[in-house]
Amino acid sequence: MATERVTERSDGATTERVVERDHGTTVVERGGGSGAGLLIALAVIVLVAIAAWFLFNASRNDSLQTAAVSDAASSVASSVDNAASSVADAAESATPAAPAAPAAPAQQ
């Protein structure tokens, strides 16, 4: 009668079953992992893609915001120039003519 010894081990991720027979045949059966490593890798890739998308949009929004601020600043500068020239024109038209100088007293 043939004798057979079976040893089973499991480390939580993989299982191993070893069958040894007395006539020298050894059978090793290994079960794979649960696929958690693949799921973790996929989750990391998705997180990296989402982070890249947010960074790209933030960069694009910053450049749009910078352009808008620059346009507003140039608009304010031209408005200030127009206001300054209007004030200067108003000051010139509002300034009264200088009175004539008094005559010098006659000498005796």
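Val-46 is partly exposed in the predicted model, its relative accessible area being 42%. This value falls between the limits of 20% for buried and 50% for exposed residues, and the residue is therefore assigned to the intermediate class. Val-46 is part of helix H1, which spans residues 36-94.

One aromatic pair is counted in the model. The pair consists of Trp-53 and Phe-54, with ring centres 5.1 Å apart and planes at an angle of 70°. Because planes over 60 degrees apart count as edge-to-face, the pair is placed in that class.

The protein chain as a whole contains three strands and one helix, arranged along the sequence in the order β-β-β-α. Of its 108 residues, 4% are buried. The chain exposes about 9,300 Å², and 63% of this area is supplied by carbon and sulfur atoms. Among contacts with a sequence separation of 6 or more, 0% involve residues 24 or more positions apart.

In the strand region, Arg-9 belongs to strand S1, which covers residues 4-10. Arg-9 has a relative accessible area of 54% and is exposed; the assignment follows because the limit for this class is over 50%. When neighbours within four places in sequence are set aside, Arg-9 is in contact with Thr-14, Thr-15 and Glu-16.

The mean pLDDT of the protein chain is 78, and 81% of the residues score at least 70.

Notes: Residues numbered from 1 in each chain as written. Predicted model: local features only at pLDDT ≥ 70, side-chain atom pairs only at ≥ 80, totals over all residues. Heavy atoms only, no water. Helix = DSSP H or I, 4+ residues; strand = E, 2+ residues; numbered from the N terminus. Buried < 20%, exposed > 50% of the residue type's maximum accessible area, 1.4 Å probe, protein only. Contact = heavy atoms within 4.5 Å. Areas by Shrake-Rupley, 256 points an atom, 1.4 Å probe, with all protein chains shown as cover. pLDDT = per-residue confidence, 0-100. Phe/Tyr/Trp six-rings, centres within 6.5 Å; stacked < 30°, edge-to-face > 60°.
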